[in-house]
Amino acid sequence: VTAQAHAHAASLIDFERRLGFFIEPRLQHLALHHGSLGVPGFLDGAAIRHLTALVYGGSQLYWLTAMLLWLYLFRREHFTYVRNLVVVTTLVAGIFSAWYAVAPPRFALAGPPYWMEDVLHPHQSEILLVRQAVLDPYASLPSGHTLWALLTGLGLAVSAAGSAQRMPAMLFPLAIMLTVVIT
């Protein structure tokens with residue numbers, strides 16, 4: 001599975017390059033090492049690394065669960081549709097990632113010329129991380145974090161009373177996608 005997952009990742013990277021949107025290494029380097037990106041002493045590379053690791057490290061399932069609970073309690077007319085969408089898309093994503101394993105960028109781009117950083121587990125080998133994993137580390141396509149963030153945003157947006165409530169709901173998936181790329 002490991003060799004196949006790396007081969008799939010390499011073909012996706014080549015596809016991104018051909019289309020001109022292979023941005024992961026540049027974006028990660030910019031976010032983690034470019035001093036003028038944040039406020040010195042407050043939002044520098046170390047702070048961005050810590051913040052993105054916290055967001056990436058597990059908040060999507062909590063947000064998704066909280067959104068479903070909120071829909072169930074306060075917007076029941078939307079609950080069944082969103083719940084069913086969550087179940088079906090999560091199952092389809094799991095089946096697809098089992099069929100087409102893809103190494104995540106922190107594994108696929110770990111060598112030259114990229115030197116991607118594993119923000120969550122610095123200084124640990126891929127083999128050790130795979131052994132310690134609770135979930136399949138080669139199930140990076142589609143991204144479960146991004147899927148659940150999109151579903152959370154969708155659930156909040158469809159049940160929002162107005163555009164002022166829809167805006168944060170639509171920005172949430174974008175913020176999560178950014179943390180996925182950075183981490």
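The side chains of Arg17 and Asp14 meet in a salt bridge, with 3.2 Å from N to O. A salt bridge here is a side-chain nitrogen of Lys or Arg within 4 Å of a carboxyl oxygen of Asp or Glu. The structure holds 1 salt bridge. The model is a predicted one, in which local features need pLDDT of at least 70 and side-chain atom pairs count only at pLDDT 80 or more, while totals for chains, interfaces and linings use all residues. Residues are numbered from 1 along each chain as its sequence is written, and side-chain values use heavy atoms, with hydrogens and water left out.

Both Arg17 and Asp14 lie in helix H1 (residues 2–19), 3 residues apart, which is about one turn of the helix. Helices (H or I, at least four residues) and strands (E, at least two) are DSSP runs, numbered from the N terminus. Arg17 counts as partly exposed at 40% relative accessibility, and Asp14 counts as partly exposed at 36%. Buried means under 20% relative accessible area, exposed means over 50%, and partly exposed is in between (1.4 Å probe, protein chains only).

The protein as a whole has 9 helices and 0 strands. Along the sequence this gives the pattern α-α-α-α-α-α-α-α-α. Of its 183 residues, 32% count as buried. The accessible surface comes to about 11,100 Å², and 70% of it belongs to carbon and sulfur atoms. Such areas come from the Shrake-Rupley method with a 1.4 Å probe; for residues, only the protein chains shown count as cover. Among contacts (heavy atoms within 4.5 Å) with a separation of 6 or more, 74% are between residues 24 or more positions apart.

Next comes the interior. In soluble globular proteins, nonpolar side chains tend to be buried together. A nonpolar core is a set of buried Ala, Val, Leu, Ile, Met, Phe, Trp, Tyr and Cys residues joined through side-chain atoms within 4.5 Å. The largest such core has 10 residues: Leu64, Met67, Leu68, Leu71, Phe79, Val82, Val86, Ala93, Leu147 and Leu151. At least two residues of this core come from each of helix H4 (59–74), helix H5 (76–99) and helix H8 (144–158). Leaving aside residues up to four places away in sequence, Val86 touches Leu64, Leu68 and Leu151. Another core, of 8 residues, lies apart from the largest one, and Ala5, Ala101, Phe107 and Tyr138 are among its members.

The aromatic residues come next. A pair of aromatic rings is described by the distance of the centres and the angle of the planes. Rings of Phe, Tyr and Trp (its six-membered ring) pair if their centres lie within 6.5 Å; planes under 30 degrees apart count as stacked, over 60 as edge-to-face and the rest as tilted. The structure holds 6 aromatic pairs. One of them, between Trp63 and Phe172, is tilted, with 5.6 Å centre to centre and 55 degrees between the planes. Trp63 lies in helix H4 and Phe172 in helix H9, so this pair ties together parts that are 109 residues apart in sequence. Trp63 is partly exposed at 48% relative accessibility, whereas Phe172 is buried at 18%. The rings of Tyr72 and Phe79 form an edge-to-face pair, because their centres are 5.2 Å apart and their planes stand at 75 degrees. Tyr72 is partly exposed at 37%, and Phe79 is buried at 14%. Ring pairs also link Phe96, Trp99 and Tyr100 into a cluster.

Leu150, Met167, Met170, Leu171, Leu174 and Met177 make a nonpolar surface patch of about 540 Å². Patches are made of residues with over 30% relative accessible area and no salt bridge: like charges are joined within 9 Å, nonpolar side chains (Val, Leu, Ile, Met, Phe, Trp, Tyr) within 5 Å. Helix H9 (residues 163–182) gives the largest share of this patch, 5 residues. Leu171 has its place in helix H9 and is partly exposed, with a relative accessible area of 46%.

Pro168 lies in helix H9 as well, and is partly exposed at 49%. Its C-alpha atom is separated by 8.5 Å from that of Ala157, 11 residues apart along the chain. Ala31, in helix H2 (residues 24–33), is buried with a relative accessible area of 5%. The C-alpha atoms of Ala31 and Ile182 are separated by 6.9 Å, although these residues are 151 residues apart along the chain.
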